[in-house]
Amino acid sequence: MSKKEIKNQADGQSISLEEIFDQKIAQDEKIEPKDWMPEKYRKTHIRQISQHAHSEIVGMLPEGNWITRAPSLRRKVALLAKVQDEAGHGLYLYSACETLGVSRDELYEQLHTGKAKYSSIFNYPTITWADMGAIGWLVDGAAIINQVPLCSTSYGPYARAMIRVCKEESFHQRQGYEIMITLAKGSPEQKEMAQDALNRWWWPSLMMLGPTDAESVHTAQSMKWKLKRKTNDELRQQFIDQTVPQAELIGLTIPDPDLKWNEEKGCYDFGEIDWDEFWQVVKGHGPCNKERLSARVNAWEEGEWVRDAAMAYAEKQEDKKLKKAI
Amino acid sequence: MKNENKIQYIYGIADNALILGQRLSELCGHGPNLETDIALTNMALDLLGQTRSYYQYVAELSGEGKTEDDIAFLRTERQYKNVLLVEQPNKHFGYVITRQFLFDIFHLLLLEKLQNSEDERLAAIAKKGIKEVSYHQRFSSDWIKRLGDGTKESHQKVQEAVDDLWTFTDELFHSTEEDQIALDHKIGVDTIELKEKYYQKVKEILEEATLSIPETKWFQKGGKQGIHSEHMGYLLSDLQYMQRTYPNMKW
Amino acid sequence: MKNNWPLWEVFVRSKNGLEHRHFGSLHAADAEMALENARDVYTRRNEGVSIWVVESKNITASNPEHNGELFEPANDKVYRHPTFYDLPDEVKHM
């Protein structure tokens, strides 16, 4: 390919596009949509950004499950606004992905046919109100740890989307933790509800930070492209260290008998994660995989006539305008 | 005007916002696409925001340490005074938009009058609401046109919704005893006065949307007296679930 | 694929006195809907006082492969910048 090589006119030496690209990344310069990029970079980004987008919109479902049953008006509007934000974040991320030459409809297609993945945590059911607290506190907490470093990732549109996402998400975790505080300070039933939610969401939240470094296939390359700044295990440790004191503060117990402070390392030791469960859910056998996917597919299919109508109307209006002009 | 009368009058306005807000919030995450999903939720948030302003006022009026949540969640079905229109289910997007449209046109006319209420609180809530509801009306009217004058399928679907929901429009203008008392005290709005304008506006937009106006002369009523459709009980069992199951707790 | 809503670019003025800035993109069937969607998606937190939308296909962009010829010639035109000119120290502000 002639495109691959360009002349560096100053010293007459050839430098490949790939080398220029690598230099840019090394110098923390951003890559923008029309810039040359290796195919693998493009593909990896489509995969990661779309997975991220899918996670946002599938993530609307478990919480959406409780909007109509929220226990107070204040909680209802906060939850509604939060779930709506997730739609917004999905939208920003799909838009970022579209700059890589793939349409949102194609991405939906991948989601609906099960070809694309989304965060497995959303395949767990939300069975009590306290789950709204646990999700906001733990799941959003883990998500923030994952996302903050992405604000300075190498692909411009992704980094910009993440800056907006992180800014907007700052209330999400507080919203959840506040629910937990209220429950933990409440009646014995409420406290029990909070503890039960923590018990069920703790381990899936740890898994959410990804397989252990030894098992993770993408880490090295992702580090280079700044799709990742820290390894999964480092992120997990960070999450645990920040969350344990928050649980203690409100009198809840982390459901891990092996959890204890390691003075020497300056962080918490924790128990074995059940990776069999993780892979089972990833492979589609979690408690709600089917429901989540079918909810997405239904919304899309039932919306088809609506989308078609809007397009048909727009075309008619355009025709009318043209006729008037003639 | 006695507080109890005023409270009942406010229910007649506020419960519409609560119940329609609740209906719209059922859709969050299930819209025909992301943009529309977000837009519908914005309307739900506006309506629930209005609900809270009204109920906080009611809570103050009723004293007894009541809160907005007692009012929202702990009444019996017969005590909710919303019109039948707003409790109708989200059968499909055509129903969602038609219900919204038929209510928005009324809602805006109502608030435009209510902002002149001699009750300052109500006037202020109305004033703020007008901006929100003007946008709702714009949104739902635009969508009525898109669906009506879109494809054959969409035309038929939205026409079906208009035909079905038309029967609930007359109730919007019914005047209850509380309405009359509120009107006498220059606090309330004379809804009958709004009727002509309402149908004129609605018909104008339906015509533009190439939809036909139903000819029915039979209208349903009862919501304003607390006699609701069978849908209402299910809506309330979701809405009230937590407060009923775990009474007297803080959330 | 005929019925897919096209992509629009959204520009928002955060407050009077500032320029419209590119905020992101979205899908809409027509311009009116693009404006409404932009309002609902990008100004939920009071971010704007004015919105522009333009269908993405109507934007003509420069090609980064031509960045050399387009932008590098401006690099050495130092005389366009005030620091190029020597002034006696006594002249403090100019």
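A salt bridge is a side-chain nitrogen of Lys or Arg within 4 Å of a carboxyl oxygen of Asp or Glu. In this predicted model, the side chains of B:Glu132 and B:Lys128 meet in such a salt bridge, with 3.5 Å from N to O. Both residues belong to helix H6 of chain B, and because they are four residues apart there, about one helical turn separates them.

Over all chains, a search of the whole structure finds 41 salt bridges. One of them pairs A:Glu63 with A:Lys82, whose closest N and O atoms are 2.4 Å apart. This pair links distant parts of the chain, since A:Glu63 sits in helix H3 of chain A (residues 60-64) and A:Lys82 in helix H4 of chain A (residues 73-98), 19 residues apart. Are these two residues buried or exposed? A:Glu63 counts as buried because its relative accessibility is 1%, and A:Lys82 counts as buried because its own value is 0%, the cut-off for buried being under 20%.

Another salt bridge, between A:Lys316 and B:Asp149, has its closest N and O atoms 3.0 Å apart. A:Lys316 lies in helix H13 of chain A (residues 304-325), while B:Asp149 lies in the loop between helix H6 (120-148) and helix H7 (152-165) of chain B, so the pair joins two chains. With a relative accessibility of 33%, A:Lys316 counts as partly exposed, whereas B:Asp149, at 10%, counts as buried.

We can now turn to the place where chain C meets chain B. The contact takes 12 residues from chain C and 12 residues from chain B, and the two chains bury about 1,200 Å² between them, 48% of it on carbon and sulfur atoms. On the side of chain C, the residues that lose the most area to chain B are C:Glu36, C:Arg39 and C:Asp40, which together account for 45% of what that side buries.

How many salt bridges are counted between chain C and chain B? The count is three, and the side chains of C:Asp30 and B:Arg146 meet in a salt bridge at 3.7 Å, N to O. Across the interface of chain C and chain B there are also six residue pairs in polar contact, with both residues at pLDDT 80 or more. Strand S2 and helix H1 (31-42) of chain C each supply at least two residues of the side that touches chain B, and the largest share of that side, seven residues, comes from H1 of chain C. By kind, the residues on the side of chain C that touches chain B divide into four nonpolar, two polar and six charged.

Strand S2 of chain C, which covers residues 20-27, also holds C:His27. This residue counts as buried because its relative accessibility is 8%. A polar atom of the side chain of C:His27 lies 2.8 Å from the backbone oxygen of C:Trp5. When its neighbours within four places in sequence are left aside, C:His27 is in contact with residues of chain C, including C:Pro6, C:Leu7, C:Trp8 and C:Asn37. The contacts of C:His27 also reach A:Glu98 and A:Arg104 in chain A, and B:Glu35 in chain B.

Key
Residues numbered from 1 in each chain as written. Chains lettered and ligands numbered in written order. Predicted model: local features only at pLDDT ≥ 70, side-chain atom pairs only at ≥ 80, totals over all residues. Heavy atoms only, no water. Buried < 20%, exposed > 50% of the residue type's maximum accessible area, 1.4 Å probe, protein only. Polar contact = N/O pair within 3.5 Å; in protein donor to acceptor, adjacent residues only side chain to side chain. Contact = heavy atoms within 4.5 Å. Buried area = accessible area lost by both parts, 1.4 Å probe. Nonpolar A, V, L, I, M, F, W, Y, C, P; charged D, E, K, R; others polar.
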